[in-house]
Amino acid sequence: MSFRGETIDRRNFLKAAGITFAAGLVPGSLMALERADAVYASGFRAPDGAFGIATVSERGEIIDRITLPARAHGLAFSPATGRAVAFARRPGTFAMAFDPARKAEPVIITSPVGRHFYGHGHFSPDGRLLYASENDFEGNRGMIGIYDAGQSFQRIGEFEAYGIGTHDMTVSDDGKMLVIANGGIETHPDFGRTKLNIDRMEPSLVLLDAKSGALIQKHTLPSSLAQLSTRHLDIADNGRIWFACQWEGARNALPPLAGWLSKGEDIALLDLPEETTVRLGNYVGAIAVNRRDGVVGLTSPVGGTAVTLDVKTGLVLKEDVLREAAGVAPAKSGIATSSYDGQFNQTRSRVAWDQHIVRIV
Amino acid sequence: MRRILAAGLLSLLPLSAFAQEADNAAPAVALPEAEVTKVMTAAVDGFIRPGYDALGVSAEAMAASMKTLCDAPSKANLAASRTEFGKLAASWAHIEIVRVGPVIEQNRFERILFYPDRKSTGLKQVQAILSKSDETATDAKTLGTKSVATQGLGALEYLLFGTGSETLAADKNSFRCRYGAAVAGNVGNVAKELSDIWDAPDGIQKAWEQPGPDNPAFRTGGEAITALLGILVHGAEAVRDQRIETFYKGADKVTFPKQALFWRSENTWPMVAANLSGLSSLLEKSGMVALLDEKDRPVVSAIHVQLKAMTDLTAKIDPDLEKAVVNPADRKKLDALLADGKDVIAKLNDGYGGAIGLSSGFSFADGD
């Protein structure tokens, strides 16, 4: 999830939201929205077990909620159109396009037969296309579904992801390149969320031509890191692609958990301090770059830790204890975080925040 | 701890002004290590190892029964082998709930049971072996190198109950019979591999029983118990989603009775019952209840009661699934099984999971 300096201005958001949206808010939420310097969206589970998406203020207060038919995972937001999409958690088959300002009715997108969503996607910079990571589960290959992000979100094509267990994906700022994290783990809806090939994983990072789907470059990992699932991505302002990983190998190993790559260059794996790797529990659940501040945020629900890195050097700037850490997003200053036990920045709400946050204002 | 080095690894200089607020990580589940070791030891020694040992014993009995049938074909010996198949299948179903560790490595799970198989890959491949009388399928060792769909319980069920199985009662040392004996031997070989791996004192047994910083499986007791809970949650989900919903998704939904596991031999419900008893047995024998505060413990007894009720209900549904799915009374029982299954999953997920510190439950907290 990235904040690329193109989010909607708060006043414009309020103006666009109009009377209907504002009238639908309880007074506390309206106050929260008026005070907000940033607005985020994230999936959540309510105490009654219901799932939804909430818009959230900079302080972490819930502004608005939209009900979902099942659990969501990652989200995409288009500053160009103001539309957002929440993707079902794998092996879910729905995604919901919605307008955080409630100017338009939500649209349910269904994956085609033989495909399910992997939980992530991204808009093209002009907001006209939506790309979604998908599983061709009979073919055991990752795909990128392409949807016309107009009114009905019709599926208009697909590209091969050149890997298995495709998870997060993003788009370069100029819209010319798709960046794909293939986690390397085989799953099949017949077996739920069971990981079917832990002893023979094939993680990879792939760059595709956004127009043709042609492979630009693909990076696999050395055999010693075959169980390092490359899963989440964000892009820094110099075009450097940051990735975060989850280790499926021996628990007493100290694998690299993040790294970067650029077009035309090999991947670089970050050798984090040993104690940081331990505190991250060999598992990074989410990554986000704050371009303005030049920092990268990582969170780990396993270790209960949020780590902030320098975007230029990769050095650790800060570590925070955050029990059941979930999402990260670029904040007005630094990195916004959430947790499964309801913490979102400085506010605790009676919901379980899901794994990812997207910044929309 | 073992640092993994690889080309492209950027070494960073130590940071002197390290703004660290955390002395330690904050894992969601923090439990007394001694108590955890007790529970994990009980789970391994009281459920997992005996489960694989019992599977090996059942496979031996199956192999012996097949040998008798091959040497002296008769209706009685065929009936005995069919009964033995039911016992072997149930023995597997009891330990099948463990879908972690060595069983999911090197295709061991699929070598014992290849299912679901929507495209009937296994059936087609077994029929091809039968039509060619491929002698390499009659030796457990060479069979073990063939497609996983041809060497496990699915293949054996077809050989004993499928079209042409009646010839087993008449033809001495037939190809079909010797192939069946090899399948039994193959299942026995995989069971022995699993027992050997779990019995090795310095292997996975130790890793599961003694979590710690240098442990290759679990760094903390919390991780170990979370994984143990995961076996129960995923096991309960598999019963509901893989074994029942495969053919019956609820009232007014299309049914697929011939997609059910072992519909041909009417072992669908005995398998489900053995899965459920496996869940109950692991929960009981591990003593997981001891890790909960007194006030939270009723959730464990409630799970036992519900699993028992579900098991009892399976015995009351017509074993002929084509009849069961069109019988209103049986459909009600199927609906009840689905509802109870969902409830058991919730009790494990949110009830037990919440009580050990996973504030939003087990499944919610498994990242992605």
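Before we start, one rule to keep handy: a residue counts as buried if 20 or more other C-beta atoms lie within 10 Å of its own, as exposed if 12 or fewer do, and as partly exposed in between. Keep in mind, too, that you are looking at a predicted model.

Stop 1: Select B:Gln106, which sits in the loop between H2 and H3 of chain B. Its phi is positive, about 50°, even though B:Gln106 is not a glycine. Is B:Gln106 buried, exposed or partly exposed? It has 13 C-beta neighbours inside 10 Å, so B:Gln106 counts as partly exposed.

Stop 2: Now pick A:Phe153, in the loop between strand E10 (141–148) and strand E11 (155–160) of chain A. A:Phe153 isn't a glycine either, yet its phi is positive at about 55°. Count around A:Phe153 and you get 20 other C-beta atoms within 10 Å, so this residue is buried.

**Stop 3: cis peptide bonds.** Stay in chain A and zoom to the bond from A:Arg90 to A:Pro91: it is cis, with omega near 0°. You'll find A:Pro91 in the loop between strand E5 (84–88) and strand E6 (94–98) of chain A. Then hop over to chain B, where B:Tyr115 and B:Pro116 are joined by a cis peptide bond with omega about 0°. B:Pro116 belongs to the loop between helix H3 (108–112) and helix H4 (121–132) of chain B.

Stop 4: Select strand E16 (residues 228–235) of chain A, where eight of its eight residues are buried. E16(A) pairs with strand E17 (residues 241–247) of chain A in the antiparallel sense, over seven bridges. Which residue in E17(A) is the bridge partner of A:Thr230? Click on A:Cys245 and you've got it. Between the two strands of this hairpin there are five residues, and A:Gly239 takes a positive phi near 85°.

**Stop 5: where the chains meet.** Show both chains and look at the contact: 41 residues come from chain B and 50 residues from chain A. On the chain B side, strand E1 (2–3), strand E2 (9–11), strand E3 (19–20) and helix H9 (221–244) each supply at least two residues. E2(B) gives the most to that side, with three residues. Colour the side of chain B that touches chain A by class, and you have 23 nonpolar, eight polar and ten charged residues.

Strand E18 (residues 253–254) of chain A runs parallel to E1(B), and two bridges join them. Pick out A:Ala253 and you'll see B:Arg2 of E1(B) standing opposite.

**Stop 6: chain B and its domains.** Colour chain B as domain 1 (33–207) and domain 2 (220–355). Their centres, taken over C-alpha atoms, are 23 Å apart. The contact between them takes 28 residues from domain 1 of chain B and 30 residues from domain 2 of chain B. Helix H1 (33–71), helix H2 (75–96) and helix H6 (153–161) of chain B each bring at least two residues to the domain 1 side. H1(B) gives the most to that side, with ten residues.

**Last stop: a record to compare.** An unreviewed UniProt entry lists residues 48–345 of chain B as "domain: Imelysin-like". Select that stretch: the chain is 63% helix and 0% strand over it, and the end C-alpha atoms are 21 Å apart.

Key
Residues numbered from 1 in each chain as written. Chains lettered and ligands numbered in written order. Predicted model: local features only at pLDDT ≥ 70, side-chain atom pairs only at ≥ 80, totals over all residues. Domains from an automatic or database assignment. Contact = placed C-beta atoms within 7 Å. Helix = DSSP H or I, 4+ residues; strand = E, 2+ residues; numbered from the N terminus. UniProt positions renumbered as here; feature names shortened; annotations may be inferred. Nonpolar A, V, L, I, M, F, W, Y, C, P; charged D, E, K, R; others polar. Pairing = 2+ DSSP bridges.
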